[in-house]
Amino acid sequence: TSCIRMYAFKRKPDTSLHMSSNGASATIDPFTAQKVATSSETVSERPTSISIQLVVMIVVWYVSAVVTITSTKEVMNRMQLPFLLCLSQFAFASILSFVYLHFTSSLKPVPTPARSIVLQIAISYTLGFVLTNIAFSLGTASSVETIKAGEPLTTVLLGLLLLKESYSSSTYLSLLPICGGVALACYNNDSFHVWSFALAMASNFCFSARSVYTKVLNASNISGFDEVNLFYAISWRGLVFLLPVTLLMEGRTMLEIVFG
């Protein structure tokens, strides 16, 4: 899902099709909402083949997101090993993106000026995945994804606090239906789980921090480092972070499962 998402960004860099990394809900990223409005004429003038390819990629993105949600919940129902699941996801993402970059001869190292910010992106991205998978292990898939639909709210909040961004009144008004929808979904819900809600909201902040740090990286105008290389860089860094943590937190359980 994330690989397709990054490729969609690469095909249409002026539009931020902001999707929860483990979810199927998509919204316009507040950071680039104004850019989308002002660049509509430029987008409409692009070749039809690119537009069709983008639509196909978005459809595949949504379908793969649905598969990710249902399979994640199924795995969590069978065995409570959220760190191992994250490790598997990051390993697959690292291998797949490396193979793509290798065969397209576009693999590039992280530029020295960008290493610090890429590390921050990787940490927030990894924590977001871990918290999301733990939330799935505690609550239902529908409730977790409903809560994660509130990610635009946390993105705007972090933008205000960290980047001192200002938004139009229409942007703030567009967040009200999201807040209301999340509140209604959680109200008087028999499947509501406090810790699942808290962890899903915490993952929203992590993924929003990823968006903020990515905006900072893009603003630095570092040339020769595209979105797919960024995805590969944060994936293998996340894999390195997760390996010792997974062995520490779930190593004994994994040994018990393997050896009975």
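**Notes on the helix packing in this model**

1. A pair of helices to start with: α8 (residues 151-162) and α9 (residues 169-186) have axes that come within 9 Å and cross at roughly 140 degrees. Since angles over 145 degrees would count as roughly antiparallel, α8 and α9 are therefore oblique to each other. On the α8 side the contact is made by P152, L153, V156 and L160, and on the α9 side by Y172, L175, I178 and C179. By class, this contact has eight nonpolar residues, with no polar and no charged ones. Please keep in mind that this is a predicted model.

2. Next, have a look at α6 (residues 115-138) and α11 (residues 227-259), whose axes come within 9 Å and cross at roughly 60 degrees. The crossing of α6 and α11 is right-handed. From α6, the residues in contact are V118, L119, I121, A122, I123, Y125, T126 and V130; from α11 they are L230, F231, A233, I234, R237, G238, F241 and L242. Sorted by class, the contact of α6 with α11 has 13 nonpolar, two polar and one charged residues.

3. The class count for α7 with α10 is six nonpolar, three polar and one charged residues.

4. A word on the geometry of α10 itself. At 1.5 Å a residue, its 26 residues should span 38 Å, and the end C-alpha atoms are 38 Å apart, which agrees. Just after α10, N221 takes a positive phi of about 55 degrees, in case you are checking backbone torsions.

5. Finally, the annotation. An unreviewed UniProt entry lists residues 50-69, 81-105, 117-139, 194-210 and 230-249 under "transmembrane region". How much helix and strand does the span of residues 81-105 hold? In the model, residues 81-105 are 88% helix and 0% strand, and the end C-alpha atoms lie 36 Å apart. For residues 230-249, the chain is 100% helix and 0% strand, with end C-alpha atoms 28 Å apart.

Notes
Residues are numbered from 1 along each chain as its sequence is written. This is a predicted model: local features need pLDDT of at least 70, side-chain atom pairs count only at pLDDT 80 or more; totals for chains, interfaces and linings use all residues. Side-chain values use heavy atoms; hydrogens and water are left out. Ala, Val, Leu, Ile, Met, Phe, Trp, Tyr, Cys and Pro count as nonpolar, Asp, Glu, Lys and Arg as charged, and the others, Gly among them, as polar. Helices (H or I, at least four residues) and strands (E, at least two) are DSSP runs, numbered from the N terminus. The expected span of a helix is 1.5 Å times one less than its number of residues. UniProt positions are given in the numbering used here, feature names are shortened, and annotations may be inferred rather than shown by experiment. Axes are lines fitted to C-alpha atoms, for helices over the stretch in contact, and angles run from 0 to 180 degrees between N-to-C directions. A crossing is left-handed if the near helix is turned anticlockwise from the far one by less than a right angle, and right-handed if clockwise. Contact means heavy atoms within 4.5 Å. Angles under 35 degrees count as roughly parallel, over 145 as roughly antiparallel, 65 to 115 as roughly perpendicular and the rest as oblique.
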